[in-house]
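I set out here what I looked up in this structure, entry by entry.

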Amino acid sequence: MLIKPAWAQQLSTDPALRNLVIWQAVPDPAGWLWLATDRGGYRYDGQRLVPLRELVQQGPVLPAGSMRAVLRDAGGHLWWGGAAGLWAFDPGKGRLRPVPLPDYPAKRLGVTALGWYRGRLWVGRDADPFSVFSLVPGQPRQPARAELRHPVGWVTGFAPDSLGRWRVLGLGRALAQTPTGRWQVQRLTALYHGQLLRPGHAPTWLPPGARLVVPGTGGQWQLRATGLYRVVQGRPAEQTDTWTWSSNEMARVLRVVQLDSTWFWSAGEQVFSLSLRGLRGGQPPVVRRRVAPLLFGREMELVPLPDGRALLGFRFDAPGAVRVAPAELAAEPLPTRPAQPISTRALGRLPDGCRFVSSYEGLWVQPADSAAAPLRRLATTLQAGVWFATLPLPGKRLLIANELGHFDVWDQGRQRPLPWVGPHPPLGETNGLCLLRDRAGRVWGGSVAGLFMIDTERGTVRRYREADAGYRLHQCRIEALVEGPPDVLWVATSQGLYHLTVSTGQLQRYGPNEPAPRRLPTADVRSLLLTHPDSLWLGTFDQGLLLLHPRRGLQRQLGPAQGLPSESVAFLTRLPTDPLALWLGTYRGLVRYVPRTGRLQHLTAADGLAAEECNRQSVGYDAATGELLVGGVGGASRVRAAQVARAPGQTRPQLLLAALAQHSANTGLTHTRYPAPGQLPALTMAPGDAFLDVQVALADYTPDAQPRYAFRLVPAGQDSARWLGLGRRGTLHLQQVAPGDYSLQLRGETADGQPATRHITLPLTVEQPWQRRPATWAVGTLLLAAAVGGGVYGWQRLRAGRVRAEQQLRARLAADLHDEVGNLLTRVTLRAELAREIPEPAFLDELLHESRAAAATVRDLIWTVDAAADTAGALSDRLQDLLTQSATAAGRPANFTRSPEPFPAAATLRPDVRQHVYLIGREALTNALKHAPAGADLSLTLTVTSVELVLDVQQGGPAPVAAPTSRAGQGLRNLHTRAHQLGGTLTAGPDAAAGAGWRVRLRVPRPLQ
């Protein structure tokens, strides 16, 4: 969690409010801030603005227009006054109702001011003329009472006078009510009102001329409307500080807001602060001032924000707002003379006690006996180089890792390089970067040319394992060194982290491409800090801060997602006076980190740092003063580390349920609702709902707040689930969630890890689609069983029907064979017996004829059951052949006709239609040949459509005297039976149309298959 140690005040503009002209602001205990602005009423949580009209769930639609005033009563109701009149809003129920006011003067309905006095709400309305009304909020049926009407001006506010009476404030004048009930006009030039406001307390009004006594000063120091005064008994009051007001037209109200033991107020264009800490006896308080970064020059209204950590300042005649935060500076830049920005490296003290700062602009020193003296340049960069690291040596000497050289020694004000002894290849740059003295007293140095052993007694430098030309460290830029267990060094390089066994030279690399547990997310390691044999902290260039266990691997990572201001860590250190904390220099400020609690404290230029971008290894600890020295690209600073460590924790922000947006499957629309403060509704997702959005807000009103959110869905019956990050937007998009009951939990924390006061827990029910519900499955199982049973029953019925059809076919074939073939074969047998007894040629001819007829009948029966012949063309060809053969044998003329044209030869006929039509046609032709007179002609017509099949057999000549009968004696009865089996009709009789002959007509409906 981020703690801001402090100075008197910080001013920063609020980006979300920069386009609004704010007239009044009211904090809500639930964590919201309600704003009356030129664009209407709003609810604000520090990041998002929600218009008041969108929060209304009951009541009329709020007209568009400005809101000039807003007040909150003891019951939590909000009273809004604006261009559309007076409105009462209940945030708990989302209910809005208009409040009627008397109609005089009936010029406009605009409300300009609201105030509380003796249990009544006072309302100032209109301008030129204006009127004042009062009403009792808890009695909506009691009408508003007219209190005042004045022809000129408009009401800007209300305040009590020196006698406790209510005063109406306006432009250039005030009106006070006399004991007789009359209103007396007063000029504002001599009127000063005081108001002391503390978060969580009712405001304390002071009458004109009253003084605010500064606590802790024994009554000697007083705050008045025009300045700070020292009051000593028996002497005139002495003014020690002063301020001016911007205009005499507005009532001068010195509104003092106390926040975190600091008083704040505004006068003219400035914001003032006075710290109440450490004031004793006659010690004079210090007033600090800052010019507010808003347009125009009027005083600002200062309102405590709901989080209790800052104030919101605004002017009613200028857009925008500022956040005012109390802060006591914990850092202070080290000034230089001549004044100039410097980019620093090594920081510390020379052997003579002088403080030094090495930079790219030269070597700077400060006298040992003057901590307030500026830094003066002792040597140029060409003379001293750039000291990257230093190490004290016996004999008041200083070992230097020189970035522009190699390794040097500072001895009695002179700097000389140490020679590189022994055979070694010629190298261009050998920049020294780091130094280390191990427990055995050996001195190690790291540079861009590898690892070196430094003999401080002889004043020489030798590269470690020089004889091994291919040794891996020779090609590494060594950024930092730290000693591990005996005979072990940890070496940080830009190619990875190395575990070095000094006695053998064995190396183990830790980096991105190594197997676990030696795998790291980056190879660019810049700084090292060993806090325990099994706890090695790594500062990296692009992956933040890492905690490594040598045998178990990476244990922790701290980056921007966890509250670190930058992913680049320039240096790491730990102070003897603060052993539980790590101090990190990053590219965006200095960080104090307590691993045990996760507490983060971030110091920036606003806290007094000369530069936020820290440089590598640019850190030092001054044991004499207990100060931490840090440097960066803009200069060096001293940090009061003990003050930072003692900084109190901030008030934890509240997590608010801001909005719910749900797509309805029934309407196809998305409905957005804003729950009332403290309301945690149960959520339901119906089948077909596309999504459900849950929006939360952390009431964090700090400048540049970037809160983080997380959620988890805990199924019913389980105790916990894994938290999943939501990032910084605070909107959870639920989609395609498995049916069931859940507990939806959301949490939030500030950018520095400060958790919210509580989690938000919402019950969530995701309904099953009807096809997946247990009852549906039960009913479906029953229906399936019924369907299976019905299917089995139907299959049995179908099978029985097929058996019956097969039996009927066999019976029909048997009947046809008996009737047709049986008769012929019986006659063939009789003819054969007669031919044996009476051997005459005539009997033999008849025997041959009957045999041929029997064979033809068998062929006809076979054709009727052949499935390949189930077409209209096959039936037509068969009937034509039958007619031709029959007429030719009898010597009769014949005529065959088929219709329509073109004839549908490919149409598939039902098998029974083809069979019976052919047999009926053959029977009709046989009867016609048998009974027709000699020379009578025969005609057969076949008509096939999808609707009907018609077969006409006509015989010319006179009609027979009696109806024809078949050879088997069946006659027309056999023809009618076959027609009935097809569902058709058959007519047989004299041909009335021709006037002579005989006609058989068969009609079969829907003949096609």
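**Entry 1. The chain as a whole.** I began with burial and noted that 50% of the 1009 residues of the protein chain count as buried. Buried stands for under 20% relative accessible area, exposed for over 50%, and partly exposed for what lies in between, with a 1.4 Å probe and protein chains only. The model is predicted, so I kept in mind that local features need pLDDT of at least 70, that side-chain atom pairs count only at pLDDT 80 or more, and that totals for chains, interfaces and linings use all residues. Residues are numbered from 1 along each chain as its sequence is written, and side-chain values use heavy atoms, with hydrogens and water left out.

I then looked up the secondary structure and found eight helices and 73 strands in the protein chain. These are DSSP runs numbered from the N terminus: helices are H or I with at least four residues, strands E with at least two. For contacts (heavy atoms within 4.5 Å), I took the pairs at least 6 apart in sequence; of these, 54% join residues at least 24 apart.

**Entry 2. A five-stranded sheet.** I traced an open sheet of five strands, in the order β32-β36-β35-β34-β33, with mixed pairing. At its edges stand β32 (336–337) and β33 (344–349); each has a single partner strand, so one side of each lacks a neighbour in the sheet. Strands pair here if DSSP finds at least two bridges between them. The partner I examined for β33 is β34 (residues 355–359), joined to β33 in the antiparallel sense over four bridges. Within this region, leucine 347 stands opposite valine 357 of β34.

In β35 (residues 362–366) I looked up glutamine 366. Is glutamine 366 buried or exposed? Glutamine 366 is buried, because its relative accessible area is 3%. Leaving out residues up to four places away in sequence, glutamine 366 touches Cys354, Arg355, Ala371, Ala372, Ala373, Pro374 and Leu375.

**Entry 3. A hairpin.** I next followed β8 (residues 85–90) and β9 (residues 95–99), which pair in the antiparallel sense over five bridges. The two form a hairpin with four residues between them, and in the turn glycine 94 has a positive phi of about 70 degrees. Aspartate 90 has arginine 95 in β9 as its bridge partner.

**Entry 4. Aromatic rings.** How many aromatic pairs does a search of the whole structure find? I recorded 18. Rings of Phe, Tyr and Trp (its six-membered ring) pair if their centres lie within 6.5 Å; planes under 30 degrees apart are stacked, over 60 edge-to-face, and the rest tilted.

Tryptophan 444 and tyrosine 464 are edge-to-face, because their ring planes stand at 70 degrees, with the centres 5.7 Å apart. Tryptophan 444 lies in β42 (residues 443–447) and tyrosine 464 in the loop between β44 (460–463) and β45 (478–483), so the pair ties together parts 20 residues apart in sequence. Both tryptophan 444 and tyrosine 464 are buried.

Phenylalanine 541 and tyrosine 587 also form an edge-to-face pair, 6.4 Å centre to centre and with 75 degrees between the planes. Phenylalanine 541 sits in the loop between β50 (535–540) and β51 (545–549), and tyrosine 587 in the loop between β54 (578–586) and β55 (589–594), 46 residues apart. Phenylalanine 541 is partly exposed at 32% relative accessible area, and tyrosine 587 is partly exposed at 28%. I also noted a cluster in which ring pairs link Tyr117, Trp122, Phe158 and Trp183.

**Entry 5. Cavities.** I found six cavities of 30 Å³ or more in the whole structure. A cavity is a set of points on a 1 Å grid over the protein atoms alone where a 1.4 Å probe fits but cannot get out; lining residues have an atom within 4 Å of a point. A volume is the space filled by probe spheres set on the points, which are joined across faces, edges and corners.

The largest cavity has a volume of about 90 Å³. It is lined by 11 residues, of which Ala924, Asn927, Ala928, Trp998 and Val1000 are the closest to its centre. Two or more lining residues come from each of α7 (911–931), β71 (948–955), α8 (972–981) and β73 (998–1005).

The second largest cavity holds about 60 Å³ of space. Its lining includes Trp34, Arg43, Gly94 and Tyr674.

Conventions: 1 Å grid on protein atoms, 1.4 Å probe; cavity = no way out; pocket = protein on both sides within 12 Å on 5 of 7 lines; lining within 4 Å.
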